[in-house]
Amino acid sequence: MDLNALTDFALVATHGGLGKASRASGRSKATLSRRIAELEEQLRVRLIERSARGLKLTEAGQMLMDRTEGPMHEVAEAMVAAREGLSAPRGRLRVASPVLFSQLAMGRISAEFCAAYPEVTFEVVAEDRLVDLVEEQFDTVIRKDCAGLSAWRCSATHGMQSKPCKSELSIVLWARTSWKMPRTS
């Protein structure tokens, strides 16, 4: 079944006519009419009675509208949620950083980050030892120098984009993904 045809049928039924549905959707009346005709042919039943006074749903058309209105609304909401989910970070961000850096800076950094991205759970693990990004499931590792990163470079290349980035403080940041945090002033 062509879901676009079903969507167009619901649009015309909701707006009570091809003209209003066309203005609301930006699609031509001819396209809407053709799609409804294709849906009627596919279902082998008349869904809309066309007359000089306008359109009226048949019994089959009303039943189809009643039974599909809720699920179609849910699909539309799911599509919006998926689109918004792509634009707004959510989930867990697991960070390993040295103990001293965690004590001095990660409280402020995590507070600012959580305020900016409330859908993200920010987990900081204060460790002075070298951690394994993959094995210990860290998303980001912060280190004060490059010692030991050559081993990480080898172990972190399995399907991940890992790039060391040096900041003005000579802190090396390794991440399993290429996701970039926006800079704040």
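Which element gives the largest share of the lining of the second largest pocket, and how many residues come from it?

A: The largest share comes from helix α4, with seven residues. The model is predicted, so that local features need pLDDT of at least 70 and side-chain atom pairs count only at pLDDT 80 or more, while totals for chains, interfaces and linings use all residues. Residues are numbered from 1 along each chain as its sequence is written, and side-chain values use heavy atoms, with hydrogens and water left out.

The second largest pocket holds about 340 Å³ of space. A pocket is found on a 1 Å grid over the protein atoms alone, as an open set of points with protein on both sides within 12 Å along at least five of seven lines; lining residues have an atom within 4 Å of a point. Grid points are joined across faces, edges and corners, and the volume is the space filled by probe spheres set on them. Of the 15 lining residues, Leu6, Thr7, Ala10, Met72 and Ala76 are the closest to the centre of this pocket. Two or more residues each are given to the lining by α1 and α4 (59-87). Helices here are DSSP runs (H or I, at least four residues), numbered from the N terminus. By class, 10 lining residues are nonpolar, three are polar and two are charged. In this scheme Ala, Val, Leu, Ile, Met, Phe, Trp, Tyr, Cys and Pro are nonpolar, Asp, Glu, Lys and Arg are charged, and the others, Gly among them, are polar.

Helix α1 (residues 3-15) also packs against helix α2 (residues 18-25), at an angle of about 115 degrees and with the axes 8 Å apart. Axes are lines fitted to C-alpha atoms over the stretch in contact, and angles run from 0 to 180 degrees between N-to-C directions. From α1, Leu11, Val12 and His15 take part; from α2, Leu18, Lys20, Ala21, Ala24 and Ser25 do. Contact means heavy atoms within 4.5 Å. This α1 and α2 contact has five nonpolar, two polar and one charged residues.

Helix α1 packs with α3 as well, at about 115 degrees and with 8 Å between the axes. Here α1 supplies Asn4, Ala5, Leu6, Asp8, Phe9, Leu11 and Val12, and α3 supplies Leu32, Arg35, Ile36 and Leu39. Eight of these residues are nonpolar, one is polar and two are charged.

Arginine 35 belongs to helix α3. Its side chain is joined to that of aspartate 8 by a polar contact of 2.6 Å; such a contact is a pair of N or O atoms within 3.5 Å, where, within protein, one must be able to donate a hydrogen and the other to accept it, and residues adjacent in sequence count only if both atoms are side-chain atoms. Leaving aside neighbours within four places in sequence, arginine 35 is in contact with Asp2, Asn4, Ala5 and Asp8.

Notes:
On a 1 Å grid over the protein atoms alone, a cavity is a set of points where a 1.4 Å probe fits but cannot get out, and a pocket is an open set with protein on both sides within 12 Å along at least five of seven lines; lining residues have an atom within 4 Å of a point.
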